[in-house]
Amino acid sequence: MTRVAGACGLACAVAIAGGLAAAPAHAGNTAVLPAGAFAIDVSRIDAITSVRWDGTRSARPLIDGIDRYEPGGGLQGTITARPYVDYKFITSQLFYGATDNLTLAVALPWVTVTTIEPNLGWIPGGYQNQLGRPYSEDDFWAWAKSMGQRKLEPFRGNEGVPADVVVGLRWRMPGHWTERWGLVGAVAAQVALPTGASPDPEELVAAGTRAWDLNNYGDIEVHVAMERPWREGLVNRFNVGVDVHSAILLERELVTPNGTKHPLLLTHAPYVGPTYRVDPGDMVGFSLLAECAPWIGPTWAHWMTKGNRTVAEAYPAVLNLAAAYTYAHVEQSVWKSPSVMWNWERMKLWQPGDKNTVKLTAEVSLLRLGLPLQLYAGYRNQEWVPGKNSRASNVTVYGARLLVKFW
């Protein structure tokens, strides 16, 4: 789990969006490949998180301030932190059209680097007789150092570390089911394989690459989508749709820190036991999608169509734009250990809530010009529409998709 922990060993899981999916992206939620066709997709993803929405939908730092007390005495002060978390990915995706209505997919996400800036601060506490004044920040960390506890440092890691591999499929409903109403429907499912890495439990500032660490896709997901396209000739000029989804995050066992690196702040095993379990809580929601093709572009007869211009006229427009809104309800995350208080300190930061995501995408398709290549860029924001008891990740994506057919 991505964690930025404060004094008293309070570990906060930071939700990061990886922007991964096991279905063809940037082409609606019902698009599939023709039988025998492959799509090879490579993208660069940058996901940043620095805001947590509380129970009143107000923006807060990812962790609350932590009060520190003299042993048996008064308030030393409050450690504050405004963590800034940045995940960078290279994601490779392979799609295959098993039939004209069934596409299979696998996504291989690699984290190129993760950085976390704790951005620590200090609010002085009460008057200390032994000092003749309140503790300053330097006073506190000097005291902590005398106890074997070093000051928290920025984190840089996960260089070339895989995240959970995603495998999935999308099945487009038969046309006679939906076309009488001018609709297109599809069902998709995906599973995340446990290939990612968990964070070092002995580090206060650490980041993992499993599905829960990224908190963007489930271990198991199911989507049902329905869309209404409007065509101009053989080209879809407009498209609107809805996608309903359910994501399951499986319960997992994690190692309890013993305080080998941070004895003052992370000595939990004596109270919790060597391991503990977490049920992350599932997600359910829907997406609303609107797409348009403002520029169809030139259409040429070329080698891909064997000189037949009519075939090229059925290819996607050169410029395609899309906007989507996604609502996701997130259930309570539950910590399970012998220590009820320790469990609650973590659970109170992961209470039931929701996420509101706005996604904008632009794609340039060169198929009409005789190049089996599509270039795209996208931006996904979770701060424009406030959420509740959730972390907001803003994601930028750049990528290219090559379409090939060998038989």
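Two strands count as paired if DSSP finds at least two bridges between them. Strands (E, at least two residues) and helices (H or I, at least four) are DSSP runs numbered from the N terminus. The model is predicted: local features need pLDDT of at least 70, side-chain atom pairs count only at pLDDT 80 or more, and totals for chains, interfaces and linings use all residues. Residues are numbered from 1 along each chain as its sequence is written, and side-chain values use heavy atoms, leaving out hydrogens and water.

**Stop 1: a sheet**

Select strand 5, residues 75-81. Strand 5 pairs with strand 4 in the antiparallel sense over 4 bridges. Pick Tyr69: its bridge partner in strand 5 is Leu75.

The open sheet has 3 strands in the order 4-5-8, with antiparallel pairing. Strand 4 (66-69) and strand 8 (120-124) are the edges; each has a single partner strand, so one side of each lacks a neighbour in the sheet.

**Stop 2: the helix on the sheet**

Select helix 1, residues 137-146. Helix 1 packs on the sheet, touching strand 4, strand 5 and strand 8; contact means heavy atoms within 4.5 Å.

**Stop 3: the cores**

A nonpolar core is a set of buried Ala, Val, Leu, Ile, Met, Phe, Trp, Tyr and Cys residues joined through side-chain atoms within 4.5 Å. Buried means under 20% relative accessible area (1.4 Å probe, protein chains only).

The largest core has 46 residues. Select Phe140, Trp212 and Trp335, which are among those touching the most other members. Helix 1 gives this core its largest share, 4 residues.

Finish at another core, lying apart, of 9 residues. Phe95, Ala312, Leu367 and Leu403 are among them.

Note on methods
Axes fitted to C-alpha atoms, helices over the stretch in contact; angles between N-to-C directions. Buried < 20%, exposed > 50% of the residue type's maximum accessible area, 1.4 Å probe, protein only.
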